[in-house]
Amino acid sequence: MNNVSAISAIERMEDVFRLQGLVARFARAVDTRDHEALSTVFTPDVTMELGPDIRVVGRAALAGMLRDDLMWATTMHLLGQVVPEPEGDRATVHANVVAVHVSRDGAGKHFDLGARYTFTAVRAEGTWLLSRIEIEPVWTTGDDQGMHDD
C-alpha cells in the first residue's frame with residue numbers, strides 16, 4: 001500500500017467513526033431531550049420520513065416535533081449494526097433501532113418499535129451533519145396512543 005492509499009484508508013476510517021458518532025449523538029439527544037444538541041446534528045433542510053404518513057422538513061420543524069410532539073415520559077433508542085458508507089462529502093448510514101417509549105400514564109405501559117433507519121449525511125466545512133432520516137418500521141408492540149398529541 002502506498003502512502004496516498006494509506007492516507008485515504010485512514011481518512012475513510014475516521015469518517016466511519018465520525019458518522020457512527022453522529023447517529024449516536026442524534027439518538028442520545030432525542031432520548032435526553034437535548035434540543036440544543038439536536039440542532040447541531042442536522043442540516044438546515046433536514047428531512048425525516050417515518051413510513052408513508054409522516055414527513056417533517058427543516059431543522060426547526062424536526063427539532064420542534066421531537067421536542068413538542070412526543071408525549072412520552074422517556075424514550076430509549078438502541079442502535080445496532082450501524083454501517084456508515086462514506087463517499088466523498090456524502091454518506092449513507094444504515095442502522096437497526098429498537099426504540100422503547102415509556103408512557104406518562106404509569107409504569108409498565110410502553111410502546112416499542114423495531115425499525116431500520118437510513119441516514120443521509122453531508123460534510124459541510126469538515127463536519128458531518130444529517131440531511132435525511134428515513135425510518136422503516138419493522139415491528140411494533142404496545143400502545144402507541146401517546147406517540148403524538150392529537
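I began with the charged pairs and found that the structure, which is a predicted model, holds 7 salt bridges.

I noted glutamate 14 as partly exposed because its relative accessibility is 37%, and arginine 18 as partly exposed because its value is 45%.

I turned next to glutamate 49, which forms a salt bridge with arginine 132, the closest N and O atoms being 3.0 Å apart. This pair links distant parts of the chain, since glutamate 49 is in strand E1 and arginine 132 is in strand E6, 83 residues apart. Salt bridges that share partners join Glu49, Arg55, Arg132 and Glu134 into one network. Within it I also looked up the bridge between the side chains of glutamate 49 and arginine 55, at 2.9 Å, N to O.

I then asked which residues touch the most other members of the largest nonpolar core. In this core of 32 residues they are Phe26, Phe42, Leu62, Phe119, Leu130 and Ile133. Among the elements that each supply at least two residues of this core are helix H1, helix H3 and strand E4. For leucine 62, leaving aside its neighbours within four places in sequence, I listed contacts with Phe42, Val46, Met48, Val56 and Ile133.

Last, I checked the backbone at glutamine 81, which has a positive phi of about 50° although it is not a glycine. Glutamine 81 sits in strand E3, residues 74–87, and counts as exposed at 60% relative accessibility.

Terms used. Residues are numbered from 1 along each chain as its sequence is written. This is a predicted model: local features need pLDDT of at least 70, side-chain atom pairs count only at pLDDT 80 or more; totals for chains, interfaces and linings use all residues. Side-chain values use heavy atoms; hydrogens and water are left out. Helices (H or I, at least four residues) and strands (E, at least two) are DSSP runs, numbered from the N terminus. Buried means under 20% relative accessible area, exposed over 50%, partly exposed in between (1.4 Å probe, protein chains only). A nonpolar core is a set of buried Ala, Val, Leu, Ile, Met, Phe, Trp, Tyr and Cys residues joined through side-chain atoms within 4.5 Å. Contact means heavy atoms within 4.5 Å. A salt bridge is a side-chain nitrogen of Lys or Arg within 4 Å of a carboxyl oxygen of Asp or Glu.
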